[in-house]
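Let us walk through one chain by question and answer. Here is the structure.

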Amino acid sequence: MNTCSFRFHDQSFIARPSGALFWPERGTLIVSDLHLGKSARMARQVGALLPPFETRATLERLATELRDTGAASLISLGDSFDDDLAIRELGAERQLLDDICQSYDTLWITGNHDPAPVGLPGRVAQQDQIAGLYLRHIADDGPDISGHYHPKLRLAGQRLPAFLIGDMHLILPAFGVYTGGLDHDAPTLAALVPQGRAVVTGRDMHMVPLPLPRVTASRAGRWSAKR
Amino acid sequence: MPAFDQIIPNDLPAPLTQWFSAQGWTPHAHQIQMLQAAGNALLIAPTGGGKTLAGFLPTLAAACRDKIGAGLHTLYVSPLKALTHDIGRNLARPVADLGLSCRIEDRTGDTPATQRARQRVDPPHVLLTTPESLALMLSYPEAPKIFGALRRVVIDEIHALAESKRGDQLMLCLSRLRSLAPDMQVAGLSATVENPAALAQFMGGAEIVLADAGPQPDIAMLPTSAAPPWSGAGGAYAARDVMRAIADARLTLVFINTRAQAELFFQALWAVNDENLPIGLHHGSLSRDARRRVEAAMAEGSLRAVVATGSLDLGLDWGDVDLVIQIGAPKNIKRLVQRIGRANHRFDTPSRARIVPANRFEVLECIAALQAVEAGELDGDGRAPVGGWDVLCQHILLLACSAPLDADALYAEVTRAGPYAGLTRADFDACMDFVATGGYALRAYDRWQRLVLRDGLWHLRDPRAAKAIRMNIGTIVAPELLSVRRGPRGGAPLGEIEESFAAALSPGDTFLIGGQTVRYDRLRDMIVEVTPQPTREPKIAVFNGLKMATSTELSARVLDLIGDRAAWAALPDHIRDWLALQARVAQLPKPGTMTSETFQRGGRWYFALYSFAGRNANQTLGLLLTHRMERDALAPLGFVATDYACLIWGLEPVRDPAPLLDPEGLRAGLQDWLAENAMMKRNFRSVATVAGLIQRNLPGARKSGKQATFSSDILYDTLRKFDPDHLLLQITRAESMRGLADFGRIEEMLRTRGQLVHSMAPHVTPFAAPLMLEAGRIPIKGAGTARLLEDEAARMMAEAGLTLEGFAAKTQA
């Protein structure tokens, strides 16, 4: 497994294939858009009975990331829960969450899905500022680190979750299992990060420039992958 | 042909007899037999045999005798919306002529909401509908009232329905109708099939009525001025020859296998349409209005030809059609015979049909098919007798929308449906459990079950869910379609294309839709915006159409043709030359041997295996082989399967196919690879959608912006990890084994053609060339793609003048 380190406003960060961001100097692991309890919310609201295992899968991945990076603290950038009710309905997975919060200093940033979480271990805040960088759910006056959009990028025929790194905004992909995404060149995202870099997650990580140059030489590759 | 004199006049009421004479018609023996049938009946008749009228005669006779009371008397179900319009028009005539008080209406997805609402309260005497609309009606609380007085059900084109999940669904609905109206009679109408008894069993038992088969069809290859190309599937080379044939006929139907091919051929035809003959285009990707216009023009007799795909494949009343031209190989002898039936819609004149092979492989297939037709052999790829469990899950859910369910009664009802006669109670209960609770082993939705048991009946927990459930009716899981419109805002709709096709387009790319070339501008709010570009050559249109495997019978005939030099006498010169050239460059496939070849082109190594096992089996083979190649570090990138061969490309050459084709290894690897591959995920998506795990349509959803849904692949992976024995995974596995057709066919191939013949060819071989241009490529995500991804990322950074300086990528342990 490789990772990708980069600098953003004089700070060093490591983007990880899981979609988590590690801040070595602070010993902090940052994730966004866990959407815990999504299947339960779907069952409640639309009656779709999706496999109810995504909360467990997401939390197990998170625990692994925390252990592997040696992080001391955790920041979740909002939409940690698919709605505020989901916190009460965690069921058996609640133990996994409590274990994490007991071992790591945890900060929950609120998001549009979980604007007022109740009964969470750890701190809750609308935003935070560390080393001159804002940490919030939706990118605003930067420089900030945020989530919300679940950015994705097409590369060599695959659509993969991606970190977007611009002048003022560092946007994380969704860490949750049951999450879709927005293409990096959708108008909203292109406006936030008109140029910079993207780090594509997956089995390995790759850094590409933004906006993507139109690489004519790769058309042959597209031909074989797409049709 | 039997004479009318033999018929007992009593069976046909006098007014109907007179009406027949007034039309100058004589009822066929099988039409009267259908009238006489006491119970359920299955009519097997060639097209032009007056099948539909035979199905309706009892209803008309009852109307003549004033025996139609209030409420729905006859339900007609057809697989095609277009058919219901046609039948409605045809039926209206005798009803009007005879002054019968009989209200006929249709009800499909196209019927306005107000009319549908009224039909629930006040159904007509005769309702013409589709399986999906019937399922929808059965989901309403009013269903017992709507169908309580039902006396007859007429199922048209039942042979076509029986080949898909739509047939399973319809048979379940039929069983429901029998519970609601125990005295009703069912009439199945079928084209010529190889096994009428199986079809009768499928519809729950019926008396079989066989019509006279009529005269032998006049069928041959269309003589063309040029030889077909080495590759390609469009048949454009023959446009001028087809044009001449159209000019010589009254009305020609040009069938072609996929929508994209229909577009291209339509364009090619107009390019040589010097006389400006009126020629129309009809396929399922066109907007509804466009299709309606062509159907109407056809009925009016103002067209000379229509280029069509499967959307017109079933028994529309084509009146004046006197010539059918099939572009491309027919894939299936039975289908060819049924298609020929389109021409000369009169029982006593032979149908005239001409075949135009699109490439040299297809010449072989066409000749083999013609030989089979001459020998009177139909291919019988028999249908598995067991109905799909995913369809049953949907059915249970729909019925729960109508009224609370009694599981015992429902099980009895379900097993009265032909395809579910062998369903065990345990399997039924598993489906029931999935619908009610999701059926998960480790964790349950205690409070949010979909169905809850109260007083011995299963109730919908949240009655509001019924709306979403009804919106997701149906067993055809089409790829996501995007509407194509002209201009930036609210322009005219041109049709629909698949999301994956749209995703492959870049602004400025051109493609064909509705017979015109358009330029792709952007994707906005799920709408593909385009600008017409009349002068530009289109980038090839690759949205998908029908995919059908060449039958075992036909494949075997083709292989025999190639392998037997003595049989080459039946082949055109250019085909003989082509075979000879292939023999020089590499090897010719022969019965008893398994032939393969390796060559290099454009930085990729290609491995072609000529299995002659049919498209589906070749797809399975492609998945199996690429999996083994991945293991052997041959870095496969993808493959494409045709009916004859499987072509795999990758970064390393296959020098010896023996380790890849070792039967024991193939069998052993089956379960492992099956779980991992893209095809399984595609099947899972279909199963999960039909069974109601994934909802295609949500009330008020489908907005722009962030993709609301996530890929079904994620659900598949999650289930596999946490609940590997889940019902939907079981169904997916079973379907993949069968639907990817026949691991059995691969087994047979390995058994009967044990001798491997491999060549290292100096370049693309004559046989491999057509494969290189096939659509439907399946990428393999493995070491190969990882290498490509890395290359492309590096190339982009380099091209942008960037290095990884200050952004050093490093590898951690």
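**Chain B: a helix pair and a sheet**

Q: Which residues of helix 21 of chain B does helix 15 of chain B meet?
A: Contact means that C-beta atoms, placed from the backbone, lie within 7 Å. Helices here are DSSP runs (H or I, at least four residues), and strands are runs of E of at least two, numbered from the N terminus. From helix 15 of chain B come B:Leu364, B:Glu365, B:Ile367, B:Ala368, B:Ala369, B:Gln371 and B:Ala372. Their partners in helix 21 of chain B are B:Glu553, B:Leu554, B:Arg557, B:Val558, B:Leu561 and B:Ile562.

The model is predicted: local features need pLDDT of at least 70, side-chain atom pairs count only at pLDDT 80 or more, and totals for chains, interfaces and linings use all residues. Residues are numbered from 1 along each chain as its sequence is written, with chains lettered from A and ligands numbered from 1 in written order.

Q: What is the bridge partner of B:Gly280 in strand 11 of chain B?
A: Strand 10 of chain B pairs with strand 11 (residues 305-308) of chain B in the parallel sense, over four bridges. The partner of B:Gly280 is B:Val306.

Q: How many helices and strands are in chain B?
A: Chain B as a whole has 31 helices and 27 strands.

Key
Contact = placed C-beta atoms within 7 Å. Pairing = 2+ DSSP bridges.
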